[in-house]
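Colleague: I am new to this one. Could you walk me through it?

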Amino acid sequence: MSDPSPTPLVQIHEVSKLFNGVAAVDRVSLDIQRGELFAILGSSGCGKTTLLRMLAGFEQPTSGRIVIDGVDMTHVPPYERPVNMMFQSYALFPHMTVEQNVAYGLKKERAPAAEIKTRVAEMLALVKMETFASRKPDKLSGGQQQRVALARSLVKRPKLLLLDEPLAALDKKLREHTQFELANIQYQLGTTFVVVTHDQDEAMTLASRIAVMAEGRISQVGTPGEVYEYPVNRHVASFLGNINLIEGRVTGKDGNRVSLRCETLNADLSVLCEDAYDTGAPICVAVRPEKITISRTPPETNNRNVVKGIVRDLGYFGDSSLYRVKLQSGAIIQVSAQNLRRTAKLTVEWDDEVYLSWEVPSTILLRA
Amino acid sequence: MSKAAANNGHDSRTWLRRAVMLPYVWLLLFFLAPFLIILKISFAEPVVAQPPFTALLEWGAQGFAGIRATFENYTFLFQDRYYGIIYLESLKMAAIGTVLCLLLGYPMAYFIARQPPRRRNIYLLMVILPFWISFLLRVYAWIGLLGNKGLINHFLMSIGLIHQPLPLLYNDFAVYLGIVYSYLPFMILPLYANLERLNLDLLDAAADLGAKRWESFVDVTLPLSRPGILGGCLLVFIPAVGEFTIPALLGGADTLMIGRVLWDEFFINRDWPVASAVSVVLLLLLIAPILWFQHIQNREQGAAS
């Protein structure tokens, strides 16, 4: 799937974009490999759309360089870039039919009419819209418009396809379906996709790598597994999925194991870490709800962090349950447990006194 | 309770309907009624009397005696080439004036629509501002500007650029100037309303697919602004065809427009029946572009729905 050639398709070097002196994108550097399905994930206003628009050529970086396929594209206008974009609003031309919309890019290329016809037909077949070729966009459903927009942006065979919130306008069921279809099409064509999204599920299921953005900067780049299981800071940790953040102070270090005292949990915990820590230094650790085991009997304490509390809230989803456990100190820890055994009676109920425990390696150390 | 509420809703709807009906009644009374009177007069014969035309219905000693109507006024209009020429001349002048308004108004409307929202209102206000002064006064003011001893000629002569005053007033040029000046806002406003709604993503999409700026204008902006162009053109063209004030004040003796002919027939020749026939034919001429516009709009809506 990915090209063995060492140079990345897209190289973003120290790119900044200022609007009225405010940095929307702040010294971002990023490499995107050929054939990747790369997601830029962040909440609204984090600069992800501005970064995408700079890749498309709609915005010029205030400083920095953008190299696409070895050519400096920083100041090349959008109509001369080997890049196409699928817009969040789809931006289908309302006065043109589906066929004319898809053909537009090839017409601007001055491709021969016969070639335009076959390539448009190919694209419409790829997105399963052949039968709608002569319709106007306003006669199509949201999902159909999305397919036409995808076909239109792919017909010129761009080296890089940019997708701005491609699934945001679809309803939940269609979104899940389209997600896999999009990944399939990407796999079939081998085109490099860059998807901008605020939806962590979308990024996790679609992308081979994710860049998490906040306040114009990239917090972390990695595979979905890396950013989920090894978040580098609080923002990444809390943006992707549920997490329990725990503040404490270092009490000692034994090999690669740092022990800390956490007042809010009223507990002593351990976390694995190679770095040196001074005793008494503030430290922030975290643990995902699904990594925690909940039990009414005291668990084994070997290589595990253990705290004690009372079940305050219980959400039963059938396949799993979510517990909100209040500790003696008043802090709340969320626990998610798979309901592995078939039983109508819950083993843990409201107001039960419970032990929460998780393996020391499951404890995440957050550096910032 | 629910029945009362339903009743209430029904009542408010009937009231709303009545309120909406009011302007229609107004139009019916003050447009249709005078028109019917004009139509009636156009079938009469001129007489030297008060009123200066024969009655449509004749009353004998035994009451109603018959209808007295003649098509002579219309046949006269069609036989005398003079009127045909003037109708064509009016249509031509209005058409040229409309095109000039479009050429000037489109860039202005486009410019205003691309401004940040706060500044748009200032520019729009500047377009509408001339309406605060009477139309007649504004047209009259051009005489002071364009005349042989007017501001423009005076200035050009004083700086030595010309030695003879330029013939700026009392000719077709002055009439076009007056039409463009007076009707430009009617072109700009519908165009602005249209261009302001344009989804700018469409232009980005066109650029993304390989269109240069002028290409995306021709391929996207222009076709999508067609309703605004048609609307603006009708709003300028229709009143301009029957325009009286501008040719009367700014035009020369050879500027023939149907509005002046109407005036002359009514008030100088005192031939009310012919004058009425002139205005009825004018109305029929103007209905044609309106119907055409309706047809295009219906077709577009039909294609859209």
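This is a predicted model: local features need pLDDT of at least 70, side-chain atom pairs count only at pLDDT 80 or more; totals for chains, interfaces and linings use all residues.

Colleague: Into which domains is chain A divided?

Modeller: The bounds come from an automatic or database domain assignment. They divide chain A into domain 1 (10–239) and domain 2 (244–366).

Colleague: How far apart do the C-alpha centres of domain 1 and domain 2 of chain A lie?

Modeller: The two domains do touch, with 5 residues from domain 1 of chain A and 5 residues from domain 2 of chain A in the contact. Contact here takes C-beta atoms, placed from the backbone, within 7 Å. The C-alpha centres of these two domains of chain A are separated by 39 Å.

Colleague: What radius of gyration does chain B have?

Modeller: The radius is taken over C-alpha atoms, and the globule rule is 2.2 Å times the number of residues to the power 0.38. For a compact globule of 305 residues the value would be near 19 Å. The C-alpha trace of chain B spans about 85 × 85 × 35 Å along its principal axes. The radius of gyration of chain B is 25 Å.

Colleague: How many helices and strands does chain B have?

Modeller: These are DSSP runs, numbered from the N terminus: helices are H or I of at least four residues, strands E of at least two. For chain B the tally is 13 helices and 2 strands.

Terms used:
Residues are numbered from 1 along each chain as its sequence is written. Chains are lettered from A and ligands numbered from 1 in the order in which they are written.
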